[in-house]
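Please walk me through this model, stop by stop. Tell me what to select and what I will find there.

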Amino acid sequence: MSEVHKGTDEFVEELMDEHRRKAKELANTYYDEEYFERLGGPEATIRTEFPAFAWKEFYYGLLPPVRQCDLIYRRGDPYYDDRDIIVGLGKQIRDEIKHARIFSNFAERFDADADMVTWDAPYHPEGYYDKLVAAGYAGADHEEPHHVAAGFQCSTEVGAAFQVRNLASYLESEYPNIANSLKDIAADEGDHNHLGGLIAKRFGSPDDHDRMAEIAQQKYEAIRDGMRYAFENPEEFARGGD
Ligand SMILES: [Fe+2]
Ligand SMILES: [Fe+2]
């Protein structure tokens, strides 16, 4: 292994450790029992959070790996040296669609519409759906596969796993079956994180370290601001009464 490559491996490990720490802290500050209680309790949490989670699993989960497949097809070696990544991305796409289905099915069981063909955040604040869409472009709109990985599998995607874990522990006593499904979802995220590390190490180089750190930080800040807003304004999100 060359010195240059070793430098990138270390950089990627550090980036992932940093964002794992930050993601956990964020979920435990703004997305835990206190927030769920503000939303109105377990059922209100399911009705409010699950349709949005289904949408995020589907779009945020699907489009970045699709983009990475395309970029690796163009810039990498999809039929030979990068097959492990292409196969991993295929599995990730399958997992994310499954996660979206699980959230949608539970939401519908609680009378909350979560059809991915039509859902447009009807019970969220004005302009919320547009914000979700804008963040989707920010996640996938890069010209290098490792830039997508820096802002997604290596960083912010870990945050979604911590949020799902917190949801599972909150719902565990009243809805153990839902909690178990959520834990299965969170368990898949480890594979996605591992895949992101592989992509970032293989395609990244020391010239890119600053850019990768910047992308991860920008996405972290956008997510932090959104979560803080929801935490401080639960009445705009809560739909326990309808
Ligand atoms: Fe997922
Ligand atoms: Fe994932």
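This is a predicted model: local features need pLDDT of at least 70, side-chain atom pairs count only at pLDDT 80 or more; totals for chains, interfaces and linings use all residues.

**Stop 1: H8.** Select residues 176-203, which form helix H8. The helix has 28 residues. From first C-alpha to last, H8 reaches 42 Å, close to the 40 Å expected at 1.5 Å a residue. Now colour its buried positions: among them are Ile 178, Leu 182, Ile 185, Glu 189, His 192 and Asn 193. Further along, Leu 195, Gly 196, Ile 199, Ala 200, Arg 202 and Phe 203 are buried too.

**Stop 2: H4 against H8.** The axes of H4 and H8 lie 10 Å apart, at an angle of about 155 degrees. That angle is over 145, so the two helices are roughly antiparallel. The crossing is left-handed. Show the contacts: the H4 side includes Ile 85, Leu 89, His 99 and Phe 106. On the H8 side, look for Ile 178, Ile 185, His 192 and Ile 199, among others.

**Stop 3: the largest nonpolar core.** This core has 36 residues. Select Phe 50, Ala 54, Phe 103, Ala 107 and Val 164, which touch the most other members.

**Stop 4: Val 164.** Centre on Val 164. Leaving aside residues up to four places away in sequence, Val 164 touches Leu 182, Ile 185 and Ala 186.

Note on methods: Residues are numbered from 1 along each chain as its sequence is written. Chains are lettered from A and ligands numbered from 1 in the order in which they are written. Helices (H or I, at least four residues) and strands (E, at least two) are DSSP runs, numbered from the N terminus. The expected span of a helix is 1.5 Å times one less than its number of residues. A residue is buried if 20 or more other C-beta atoms lie within 10 Å of its own, exposed if 12 or fewer, and partly exposed in between; C-beta atoms are placed from the backbone. A nonpolar core is a set of buried Ala, Val, Leu, Ile, Met, Phe, Trp, Tyr and Cys residues joined through C-beta atoms within 7 Å. Two residues are in contact if their C-beta atoms, placed from the backbone, lie within 7 Å. Axes are lines fitted to C-alpha atoms, for helices over the stretch in contact, and angles run from 0 to 180 degrees between N-to-C directions. Angles under 35 degrees count as roughly parallel, over 145 as roughly antiparallel, 65 to 115 as roughly perpendicular and the rest as oblique. A crossing is left-handed if the near helix is turned anticlockwise from the far one by less than a right angle, and right-handed if clockwise.
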